[in-house]
Amino acid sequence: MKKSTILASLLMLAIQAMALTPWKKGAFETNQYRNLFVEMGYNQADVDAKLKEVFNDVFRGPNKVYFEVGDSMGYVSDIKNHDARTEGMSYGLMIAVQFGEKDIFDRLWRWSKKYMQHQDGNRKGYFAWSCKTDGTHNAEGAASDGELYFITALIFASNRWGNDTGINYKAEAQHILDCIQPKEYTPEPRQGGFPGFGPQQTGPQKMYLIDPETQLITFTPDGFGQRFTDPSYHIPAFYEVWAKWADDGRSDYWNECAKKSREFLHKAINEQTGLNADMCQYDGSEMQMPRFPGMPQPKPGEKPRRNGSNNFRYDSWRVPMNITLDYEWSCADSEWQQKYGETIQNFLYSQGVNTFVDQYRTDGSLPEGDEILQAGGFKKLRHSIGLVATSAAASMMCSHDKSKEFVDALWNAKHEPFEDGYFDAYYDGLLRLFAFMHLSGNYQIITPQK
């Protein structure tokens, strides 16, 4: 064997060994980011081209979900549901600031502020979570993950572009941070209730994004929805960003929220499968299906109705990617996070790396009937590219050989319609893009420019 061939083989073995050695320090400390694609043998030029291609699929291609309005605004649409959501708008902002796309960022922010953000009243500073694409509200209430991303993306925009180019990004972030603090309000008709969970509350109530008792993010910051949480809303490193650069006088509090959020994730995730419920109680336990007068009661011998919110499904897909982000940036809980990454990959691998489905009970069994959550008018278990993406992102935390198979599966996956016509350009597309950002080292902490 030629000497050059031997050296090349040794270099490849060294690269593969590096890929199986998770880092011990986070980017807050090192300012370094792994390109796992390259570590696993992919060519840098191919990685750059693939990342550009996936970005263009979301923002510029024939199946794009980003649309410009006039000279100064734009929105991200959940095409299959014919609306714009704070989820997608805030994801779009985060992606835009990561890629340095200032025009896209500013357009999305102007649309969000004009049409989504409440400028007065009980909900001042919060965002209506769903709007028609003309800006008309489908709902007035907020979904807490939108505010989480809005704040973090605005702080990064302030750090990257400053605050004197037409939008004072930091002031906008600080305004939201002030508005999400606990405040008393009186619900409007039907505002305090949560559909399907019983009668509306009456009388003065507290509204808050972060539960004051547990310091955990709410599912929705009002009514019944703030009595529980969504594990996919927990991104502890975002609170560390707020603590470092929001300059809102609450640094210690935000760092404590990060700590509490990490502790919560330990409780909310099944130790055997790595799966988590769609929603759960603040102590990580399952949601209980309440029985109110007038609701059907179980017949003798009939099994109690299962609450599908206790299953791993669409929101849940984000958890592997979110824990990956916290691991990459902070590494404050690295030992548990590495174990978690391998646990969920081991479970999905047992289901077939190219065949696992997108909804499970947290014990790994399949959901049935009404437990299966529909999307786009279809109620069907699929091998969805959104979960392919987030499970591949978890390879950043893993040291087992299986991790490369998940990365290869994402690289080779085609984002195209299923045989029955179902296609999700929005959620699948955004999660796919985030995963490519993670695995190529392009989802970074944006520090203030000197």
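**Burial and salt bridges**

Author: R432 is buried, its relative accessible area being 4%. This is a predicted model, in which local features need pLDDT of at least 70 and side-chain atom pairs count only at pLDDT 80 or more, while totals for chains, interfaces and linings use all residues. Residues are numbered from 1 along each chain as its sequence is written, and side-chain values use heavy atoms, with hydrogens and water left out.

Reader: Why is R432 called buried?

Author: Buried means under 20% relative accessible area, exposed over 50%, and partly exposed in between (1.4 Å probe, protein chains only); R432 has 4%, so the residue counts as buried.

Reader: What makes R432 and D57 a salt bridge?

Author: A salt bridge requires a side-chain nitrogen of Lys or Arg within 4 Å of a carboxyl oxygen of Asp or Glu, and the N to O value for R432 and D57 is 3.1 Å, so the pair qualifies. The two partners link distant parts of the chain, with R432 in helix α15 (residues 427–439) and D57 in helix α4 (residues 44–59), 375 residues apart; helices here are DSSP runs of H or I with at least four residues, numbered from the N terminus.

Reader: Which label does D57 receive, buried or partly exposed?

Author: D57 has a relative accessible area of 30%, and therefore counts as partly exposed.

Reader: How do you know that K25 and E29 form a salt bridge?

Author: Their closest N and O atoms are 3.8 Å apart, so the pair meets the cut-off. E29 is exposed because its relative accessibility is 58%, whereas K25, at 48%, counts as partly exposed.

Conventions
Helix = DSSP H or I, 4+ residues; strand = E, 2+ residues; numbered from the N terminus.
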